[in-house]
Amino acid sequence: MARVFGIHVVELCPGVTAEEFERFVLETFLPALPVSQTPGVDIHLLKGDRGERAGKYIFMFEFDSIEARNRYFPAPGRPSEELKRLIEPLRPLSKKWEALSARAKTDYVVLGSMPLE
């Protein structure tokens with residue numbers, strides 16, 4: 001079973017500070033997500049530490065399989081009816097996210113990996 005990473009490259013909107021964005025995502029947005037009702041999915045906020053995107057953000061969905069990704073997103077950019085029901089109560093939070101940042105989204109299927117020891 002191939003894992004899938006949904007990588008959302010985040011760009012903050014003009015005038016939005018890193019502190020404001022991080023506080024919203026870490027204290028409000030992430031705790032509100034229905035992760036207990038979405039098996040097979042882990043969600044991460046990552047911040048570049050070194051390199052070209054140091055200080056920039058990635059929002060990452062980690063699906064344990066293509067089937068899990070397709071369960072929640074059967075087509076690009078289209079959530080399933082199941083996921084729509086789960087996230088409908090989060091609409092105000094999604095609007096706040098959109099006021100703070102924009103995202104470019106790409107899904108990556110794991111072709112191979114080397115486990116850490």
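**Ground rules**

I worked from a predicted model, where local features need pLDDT of at least 70, side-chain atom pairs count only at pLDDT 80 or more, and totals for chains, interfaces and linings use all residues. Residues are numbered from 1 along each chain as its sequence is written, and side-chain values use heavy atoms, with hydrogens and water left out.

**Entry: helix α1**

I started with α1, residues 18-32. I took helices (H or I, at least four residues) and strands (E, at least two) as DSSP runs, numbered from the N terminus. The expected span of a helix is 1.5 Å times one less than its number of residues. The 15 residues of α1 should therefore span 21 Å, and the end C-alpha atoms, 20 Å apart, agree with that.

I then looked for a bend, meaning the angle between axes fitted to the seven residues ending at a position and the seven starting there. I found a kink of about 40° in α1, centred on valine 25.

Which residues of α1 are buried? I noted Phe21, Phe24, Val25 and Phe29. Buried here is under 20% relative accessible area, exposed is over 50%, and partly exposed is in between (1.4 Å probe, protein chains only). Among the elements that cover these buried residues are β1 (4-12), β2 (41-47) and β4 (101-109).

**Entry: salt bridges**

Next I went through the salt bridges (a side-chain nitrogen of Lys or Arg within 4 Å of a carboxyl oxygen of Asp or Glu). The structure holds 8 of them, and I wrote up three pairs.

Glutamate 11 pairs with lysine 56, with 3.6 Å between the closest N and O atoms. I placed glutamate 11 in strand β1 and lysine 56 in the loop between β2 and β3, 45 residues apart. Glutamate 11 is partly exposed at 34% relative accessibility, and lysine 56 is partly exposed at 37%.

I have glutamate 22 as partly exposed at 22% and lysine 47 as partly exposed at 45%.

Where do arginine 69 and aspartate 107 lie? Arginine 69 is in helix α2 (residues 66-72) and aspartate 107 in strand β4, so their pair ties together parts 38 residues apart in sequence. Their closest N and O atoms are 2.9 Å apart. Arginine 69 is buried at 15%, whereas aspartate 107 is partly exposed at 40%.

Last, I saw that salt bridges with shared partners join Glu11, Arg53 and Lys56 into one network.

Key: Contact = heavy atoms within 4.5 Å.
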